[in-house]
Amino acid sequence: MSSTERNTVTLHETGYVRQSQLVGKKGAPGIIPFSPATLWRKVAAGQFPAPVKLSAGVTAWRVEDVRAWLAKPR
């Protein structure tokens with residue numbers, strides 16, 4: 001199983017994933033291999049899917065978009 005396949009296993013089939021789930025927290029690995037700052041740089045550069053604003057204090061990414069990004073060869 002490749003690292004991409006291992007990472008996608010932790011995602012639900014549909015729904016949303018928050019930043020802390022994507023990049024992880026202290027002691028807990030994330031789904032993607034970079035920091036929050038790099039995540040936002042990649043979003044701004046169009047190299048990672050844009051998040052969705054779910055409410056005033058909640059921003060999340062569509063699981064389907066993250067899965068598609070993980071599946072793309074880099």
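A residue counts here as buried when its relative accessible area is under 20%, as exposed when over 50%, and as partly exposed in between (1.4 Å probe, protein chains only). By this scale Thr59, at 22% relative accessibility, is partly exposed. The structure is a predicted model, in which local features need pLDDT of at least 70 and side-chain atom pairs count only at pLDDT 80 or more, while totals for chains, interfaces and linings use all residues. Residues are numbered from 1 along each chain as its sequence is written, and side-chain values use heavy atoms, with hydrogens and water left out.

Confidence is a friendly place to start. The pLDDT, the predictor's confidence in each residue from 0 to 100, has a mean of 87 over the protein chain, and 86% of the residues reach 70 or more. Residues 1-9 stay under 50, and the model has seven contacts beyond four places in sequence for this stretch; a contact means heavy atoms within 4.5 Å. Where pLDDT is low, the predicted coordinates should not be read in detail.

The protein chain holds four helices and three strands, arranged from the N terminus as α-β-α-α-β-β-α. Helices (H or I, at least four residues) and strands (E, at least two) are DSSP runs, numbered from the N terminus. Of the 74 residues, 26% are buried. The accessible surface of the chain, from the Shrake-Rupley method with a 1.4 Å probe, comes to about 4900 Å², and carbon and sulfur atoms account for 55% of that area. Among contacts between residues at least 6 apart in sequence, 46% join residues at least 24 apart.

The three strands form an open antiparallel sheet in the order 1-3-2. Strand 1 and strand 2 stand at the edges with a single partner strand each, so one side of each has no neighbour in the sheet. Two strands are taken to pair if DSSP finds at least two bridges between them. Strand 1 (residues 16-17) is joined to strand 3 (residues 58-62) by two bridges, and Tyr16 stands opposite Arg62. Strand 2 (residues 52-55) is joined to strand 3 by three bridges, with Val52 partnered by Ala60. A hairpin of two residues links strand 2 to strand 3.

Thr59 lies in strand 3. Beyond four places in sequence, Thr59 touches Arg18, Trp40, Pro51, Val52 and Lys53.

Val17 itself touches Leu11, Leu22, Ile31, Ala60, Trp61, Val63 and Val66, leaving aside residues up to four places away in sequence.

In helix 4 (residues 63-71), the buried residues are Val63, Val66, Trp69 and Leu70. They lie on the same side of helix 4 because they cover an arc of only 125° around the axis, taken from the directions from the helix axis to the C-beta atoms. An α-helix has 3.6 residues a turn, so residues three or four places apart point the same way.
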